[in-house]
Amino acid sequence: MNSQPLSFVPASEFKQRAAAAVADDHLRKSFRGAMDFLINKRAAQFPDPAALESQRSLAEHIRKYSLARLPELLEQLEQKLVANGVQVHWAENAEEACAIIVGIARRHSTKLMVKGKSMVSEEVELNHAMADAGIEALESDMGEYIVQLDGEKPSHIIMPAIHKTREQIARLFAEKVPGAAYTDSVDELIGIGRAVLREKFMSAEVGLSGVNFAVAETGTLCLVENEGNGRMCTTVPDVHIAITGIEKVVEKLEHVPPLFGLLTRSATGQAITTYFNMISGPRKPDEKDGPGEMHLVLVDNGRTQAYSDEQMRSTLQCIRCGACMNHCPVYTRIGGHAYGTTYPGPIGEIISPHMLGLAATHVLPTASSLCGACGEVCPVRIPIPELLVRLREEAQHDARPGHAPMVGQGAAKSRLADAIWSGWAAMYTRPALYRAFGWLATRFRALTPPMQGGWTVSRTPMKPARRTLHELMAERE
Amino acid sequence: MDAAGSRHYPEKPEKVYLFGTCLIDLFCPEAGMNAVRLLEREGIEVLFPADQTCCGQPAHSSGFPEQARAVALAQFRLFPEAWPVIVPSGSCAGTMRRHYPAMFADDPRLLAQATALAERVFEFSEFLVHVARVTLGDQGGPARVALHTSCAARREMGTHEHARSLLAQLAAVEVVLHEHESECCGFGGTFSLKHPAISSAMAGDKVDALKETGAETFVSADCGCMLSLNHTLQKRRDGFQGQHLATFLWQRTGGEGGRR
């Protein structure tokens with residue numbers, strides 16, 4: 001697969017990219033191997049199915065409860081954070097989020113911003129905005145550092161560089177990291193990256209991070225990570241900017257451990273991560289370290305649209321573990337880049353339409369066999385297959401009473417599809433007509449078209465039997 | 001959605017309805033006939049309402065709920081007595097049992113009908129195991145068989161366990177597990193038409209995994225998966241072919257005389 005341009009290619013070209021990805025044996029093998037590894041690691045963390053189900057129930061209820069009270073919890077979170085000395089900003093869309101962050105960085109005459117892993121910063125394309133403003137934004141998560149070095153986007157929300165082999169990374173480092181000698185030892189490669197980043201942490205004026213859980217009652221931002229780069233970004237530079245989606249809030253501290261435990265087990269098969277940061281404000285006068293100034297940017301970017309519909313609200317339960325993509329047979333075949341969106345895989349198929357509109361994304365919810373693997377592993381029980389079906393419906397219809405309108409509503413509508421399904425319903429609601437069709441299709445089975453669209457790409461044509469079951473059953477009487 | 005879980009099963013009935021499904025009707029009627037024969041051999045009379053067509057799933061999963069509802073509604077009145085409704089396909093049974101109530105949630109009268117019907121719907125292998133409680137006498141020679149269950153059957157109806165327990169009754173049949181056994185075969189109804197590249201890759205991998213077991217055949221309780229895999233194999237000019245579970249069970253147990 002060619003390397004991904006820095007900005008996302010449109011989701012509407014999904015089919016071409018999927019076909020190219022599927023034809024790439026190397027890519028398929030590497031994704032299959034990586035996903036199998038993650039599936040097995042997760043499974044080892046959940047030996048008792050009954051225990052898992054009770055943990056899922058608790059996590060689902062915490063997320064549903066938090067969303068049910070989202071407006072109040074966000075207000076409470078803001079009050080607490082402000083009281084803790086954190087400046088809170090609200091961004092309705094990607095542009096606003098970027099403008100806020102560029103503004104803060106400029107006020108501090110920033111030349112370099114170091115970034116901890118943040119999918120929301122990818123979602124709003126912050127690195128672009130920073131580049132336009134002439135400020136270097138450097139990814140410090142090793143996976144993110146690798147994809148940034150190669151001018152790519154993450155192909156997985158937890159493991160951004162999972163599409164790359166060790167050899168590819170070795171060549172990339174030798175080529176792009178000044179002074180780095182070629183090595184394909186993983187430890188040495190990480191050492192090279194760390195040496196570069198260590199300098200950058202010291203010189204960056206601003207550190208940026210994501211947020212995994214924002215606790216309303218205490219104004220605490222929780223950050224889950226393994227590499228320690230998140231702690232560096234949030235403590236070394238004098239300004240810390242956290243960015244997150246409005247759905248990440250929970251009411252109480254006690255709501256965090258059940259979600260944290262499921263997040264790490266579902267994501268990487270770890271019982272706990274190496275680092276878990278709880279950040280409640282900037283450095284206080286008597287404290288020796290931590291940033292002197294701290295900001296939180298709360299991003300909507302389409303989340304309110306999902307929130308306003310009872311069924312689609314469950315999309316926002318997501319804690320971004322990535323288990324749905326690890327278990328998805330489609331993601332495993334095509335990898336993350338083919339989707340053309342920040343969030344690939346099943347969660348991407350149900351969240352991207354709210355962020356980018358159905359006009360650009362209506363093909364994504366169709367890229368599923370509705371096998372249900374995603375819904376089965378989702379730690380917060382998002383009914384992903386049902387949401388995929390719902391989005392297919394919204395893409396095929398104008399806004400109707402009882403359904404909150406979506407941006408790009410009806411974008412997949414076509415007279416042909418309407419005619420096909422109306423004709424289908426007309427026949428299947430008229431038994432005599434249906435039986436007549438069966439009679440004709442079996443009598444003239446020799447005339448079955450040899451080319452049957454997508455079916456015959458890799459299959460022989462479907463051919464009716466000599467007699468229908470209806471006829472065979474009728475003959476017995 | 002969680003699998004069927006703990007369902008209360010009735011006593012073996014005198015009669016059942018068969019909902020044959022549109023795919024079996026047109027493309028693999030023998031599977032339907034063999035399901036009927038197996039049920040009749042257990043002393044159960046099989047009623048086949050002639051006005052049945054399709055459960056509505058294709059329109060439902062394609063984003064056309066009105067059309068799906070119209071077709072589903074046309075099936076409601078075909079099963080007037082309280083007999084169980086047997087469906088020889090996990091995904092159609094899943095649609096009727098799991099999705100009908102949600103499809104009619106906004107109309108209390110139709111919801112009551114949908115729920116009443118859903119409660120009587122049994123996937124074929126589920127019915128054989130838990131209601132008919134069959135005992136199968138294997139009359140075939142030694143055979144290695146792989147099993148592919150549809151995702152809807154597995155995740156909505158728990159069918160993989162039912163099919164496995166039926167096959168386990170066949171003394172000379174060795175059931176072999178294939179790699180990524182629980183993974184989708186890539187059929188997915190209209191998915192196979194809309195996304196042929198991805199669907200073909202999935203079907204190809206499934207076929208490879210089934211063949212790698214060294215099995216002589218594979219068995220599926222879903223006609224859709226079976227057709228997709230068989231036609232994939234035919235395109236490769238590969239003689240390895242799958243059979244519907246009903247057909248396999250009927251043949252292994254020697255037809256009429258097969259009941260122990």
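## Contact between the chains

In this predicted model, 50 residues from chain A and 52 residues from chain B take part in the contact, two residues being in contact if their C-beta atoms, placed from the backbone, lie within 7 Å. On the side of chain A that touches chain B, at least two residues each come from helices H1 (14–22), H15 (329–334), H18 (373–377), H19 (384–396), H20 (415–428), H21 (431–443) and H22 (469–476) of chain A; helices (H or I, at least four residues) and strands (E, at least two) are DSSP runs, numbered from the N terminus. That side of chain A comprises 28 nonpolar, 15 polar and seven charged residues, where Ala, Val, Leu, Ile, Met, Phe, Trp, Tyr, Cys and Pro count as nonpolar, Asp, Glu, Lys and Arg as charged, and the others, Gly among them, as polar.

## A parallel sheet in chain B

Chain B holds an open sheet of four strands, ordered S6-S5-S7-S8 and paired in parallel, with pairing taken to require at least two bridges found by DSSP between two strands. Because strand S6 (173–176) and strand S8 (242–244) of chain B each have a single partner strand, they stand at the edges, and one side of each is left without a neighbour in the sheet. Neighbouring strands of this sheet are turned against each other by 35° on average, direction ignored, the axes being lines fitted to C-alpha atoms.

Strand S5 (residues 143–148) and strand S7 (residues 217–220) of chain B pair in the parallel sense over four bridges, and B:Val145 stands opposite B:Thr217 in S7(B).

## Domains of chain A

An automatic or database assignment gives chain A domain 1 (63–304) and domain 2 (427–476). The centres of these two domains of chain A, taken over C-alpha atoms, are separated by 57 Å.

## Basis of the description

Residues are numbered from 1 along each chain as its sequence is written, while chains are lettered from A and ligands numbered from 1 in the order in which they are written. As the model is predicted, local features need pLDDT of at least 70 and side-chain atom pairs count only at pLDDT 80 or more, whereas totals for chains, interfaces and linings use all residues.

How values were computed: Axes fitted to C-alpha atoms, helices over the stretch in contact; angles between N-to-C directions.
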